[in-house]
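Trainee: Could you walk me through this one? I have the sequence and the picture open.

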Amino acid sequence: MRAARWQGLVAGITAFLTALPVCANRLTFDVRPDPLPDHAVACSVALTDGWISLVRIKGFGMPAPQPFRWRTTQTEEAALLAALEAFVYGDPRSVEAYHSRPPAPPFVSVTWMTSLDGELASGLYLQPGLHLPRVLASSLESLGLDHACGLSATTGG
């Protein structure tokens with residue numbers, strides 16, 4: 001049952017993200033602090049032409065119709081690009097997105113997408129517990145996602 005819910009949520013988020021304007025630099029954090037579906041929080045951050053777009057989904061509900069948008073700062077852009085660069089170079093390591101099963105809550109997953117040599121590169125990162133690698137925690141903090149999205153993942157682990 002849990003696997004079916006997970007696959008449904010991944011399909012829903014994927015469908016929603018494909019409906020957004022095409023963006024080559026995107027991180028989507030999905031934090032599951034416990035088994036209760038209402039406590040799940042997903043936050044998608046996209047960088048396009050000097051603008052950050054943020055979409056927040058609480059529980060397994062639908063996102064707000066309009067994303068938050070603001071002009072990016074150099075710090076925000078550097079943090080987002082550092083996280084994407086880390087994924088591209090394999091630290092942290094992504095998992096096979098279609099056949100991987102999420103761990104039991106609490107866990108964090110990060111779906112990432114970027115343009116690399118004119119091609120789209122993407123992946124899925126799964127982390128048991130709520131502790132993120134330093135590069136992801138720094139991005140989360142620099143972008144203010146702990147406040148804007150209520151994400152509870154932390155540095156460490």
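Trainee: Which residues of α2 are buried?

Mentor: The buried ones in α2 are Glu76, Ala79, Leu80, Ala83, Leu84, Ala86 and Phe87. Buried means under 20% relative accessible area, exposed over 50%, and partly exposed in between, with a 1.4 Å probe and protein chains only. Bear in mind that this is a predicted model, where local features need pLDDT of at least 70 and side-chain atom pairs count only at pLDDT 80 or more, while totals for chains, interfaces and linings use all residues. Residues are numbered from 1 along each chain as its sequence is written, and side-chain values use heavy atoms, with hydrogens and water left out.

Trainee: How far apart are the end C-alpha atoms of α2?

Mentor: They are 21 Å apart, which agrees with the 21 Å that the 15 residues of α2 (residues 74-88) should span at 1.5 Å a residue. The expected span is 1.5 Å times one less than the number of residues. Helices (H or I, at least four residues) and strands (E, at least two) are DSSP runs, numbered from the N terminus.

Trainee: Switching to confidence: where is it lowest and where is it highest?

Mentor: Helix α1 (residues 2-19) has the lowest, at a mean of 49, and α2 has the highest, at 93. That score is pLDDT, the predictor's confidence in each residue, from 0 to 100. For the chain, the mean is 81, and 78% of the residues reach 70 or more. Over residues 15-21 pLDDT stays under 50, and the model has eight contacts beyond four places in sequence for them. A contact is heavy atoms within 4.5 Å.

Trainee: Now the sheet. What is the strand order?

Mentor: The open sheet of six strands runs β4-β3-β2-β1-β5-β6, with antiparallel pairing. Two strands pair if DSSP finds at least two bridges between them. At the edges sit β4 (68-71) and β6 (119-128), each pairing on one side only.

Trainee: What does β1 pair with over seven bridges?

Mentor: Strand β1 (residues 25-32) pairs with β2 (residues 41-48) that way, in the antiparallel sense, and Asn25 stands opposite Leu47 in β2. Seven bridges also join β1 to β5, again antiparallel, with Arg26 opposite Met113 in β5.

Trainee: How many bridges join β5 to β6?

Mentor: There are 10, and the two strands run antiparallel. One of the pairs is Thr114 with its bridge partner Ala121 in β6. This hairpin has two residues between the strands, and Asp117 takes a positive phi near 55 degrees there.

Trainee: Is Asp117 buried or exposed?

Mentor: Exposed, with a relative accessible area of 76%. Asp49, in the loop between β2 and β3 (51-58), also has a positive phi, near 50 degrees. At 70% relative accessibility, Asp49 counts as exposed.

Trainee: Last one: which peptide bonds are cis?

Mentor: Asp91 to Pro92 is cis, with omega near 15 degrees, and Pro105 to Pro106 is cis, with omega near 5 degrees. Pro92 is in the loop between α2 and β5 (107-116), and Pro106 lies in the loop between α2 and β5 too. Most residues other than glycine have a negative phi, and most peptide bonds are trans.
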